[in-house]
Amino acid sequence: YQRRVHGHKQALQYAVRAGDKQAESLALANLGLMGRSQGDLSTAKVCLERHLELSQNLSDTTSASQANEQLGLLAIEKKDWTEASRLLSQAMNLALQQRDQAKANNMRCLIGVVNGNLKMEEQIRALARNMGAKTEKKDKAKKDG
């Protein structure tokens with residue numbers, strides 16, 4: 001693992017020195033994926049965000065879609081459902097622009113799971129508030145009764 005990371009870091013350094021934004025973007029994508037695979041979510045996020053920025057500047061919609069997808073998966077790992085939905089939706093829209101129906105369908109599935117989790121958390125919070133209000137009413141009724 002460490003040798004691969006070292007190799008990707010060297011590739012990044014060479015790309016930056018050469019001014020090759022495409023190679024820089026690829027090296028950052030690889031470092032982001034490696035960071036994510038090792039649970040280093042902060043490094044993964046920084047690398048993938050820069051990869052996304054470079055991909056957008058280069059009008060590389062394939063790489064931008066992949067970056068949005070990977071950032072969306074990071075957001076899922078952090079249980080940030082709103083951010084995950086936003087990023088995966090962007091990945092889906094870019095896939096549709098590329099006429100990549102298989103990827104768009106995969107993103108739709110992930111978005112459905114994410115939105116289901118978001119709604120479930122909202123329902124649990126509402127239920128907890130409702131139960132808290134009922135408990136307070138019972139406690140007040142006992143005091144008054």
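Visitor: Why is Glu24 called buried?
Guide: Happy to start there. In this predicted model, Glu24 has a relative accessibility of 8%. Buried means under 20% relative accessible area, so Glu24 counts as buried.

Visitor: Where does Glu24 sit, and what is it in contact with?
Guide: Glu24 belongs to helix H2, which covers residues 21-37. Setting aside neighbours within four places in sequence, Glu24 is in contact with Leu12, Ala15, Val16, Arg50 and Leu54.

Visitor: What makes the pairing of Glu24 and Lys21 a salt bridge?
Guide: Their side chains meet at 3.6 Å, N to O. The definition asks for a Lys or Arg side-chain nitrogen within 4 Å of a carboxyl oxygen of Asp or Glu, so this pair qualifies as a salt bridge. As background, side chains of opposite charge can pair when their charged atoms come close.

Visitor: How do you know that Glu24 and Lys21 are separated by about one helical turn?
Guide: Both are in helix H2 and they are three residues apart, which means a separation of about one helical turn.

Visitor: Is Lys21 buried, exposed or partly exposed, and what makes it so?
Guide: Lys21 has 39% relative accessibility.

Visitor: How many salt bridges does a search of the whole structure find?
Guide: The search finds eight. One of the salt bridges joins Glu49 and Lys45, with the closest N and O atoms 3.7 Å apart. The cut-off is within 4 Å, so the 3.7 Å of this pair meets it. Glu49 and Lys45 lie four residues apart in helix H3 (residues 41-57), about one turn of the helix.

Visitor: Why are Glu49 and Lys45 called partly exposed?
Guide: The relative accessible area is 38% for Glu49 and 35% for Lys45. Both values fall between 20% and 50%, so each residue is partly exposed.

Visitor: What makes Arg50 and Glu53 a salt bridge?
Guide: The closest N and O atoms of Arg50 and Glu53 are 3.0 Å apart. With a cut-off of within 4 Å, the pair therefore forms a salt bridge. Arg50 is partly exposed, with a relative accessible area of 26%, and Glu53 is partly exposed at 39%. Both lie in helix H3, three residues apart, about one turn of the helix.

Visitor: What joins Lys21, Glu24, Arg50 and Glu53 into one network?
Guide: Salt bridges that share partners join these four residues into one network.

Definitions and conventions. Residues are numbered from 1 along each chain as its sequence is written. This is a predicted model: local features need pLDDT of at least 70, side-chain atom pairs count only at pLDDT 80 or more; totals for chains, interfaces and linings use all residues. Side-chain values use heavy atoms; hydrogens and water are left out. Helices (H or I, at least four residues) and strands (E, at least two) are DSSP runs, numbered from the N terminus. Buried means under 20% relative accessible area, exposed over 50%, partly exposed in between (1.4 Å probe, protein chains only). Contact means heavy atoms within 4.5 Å.
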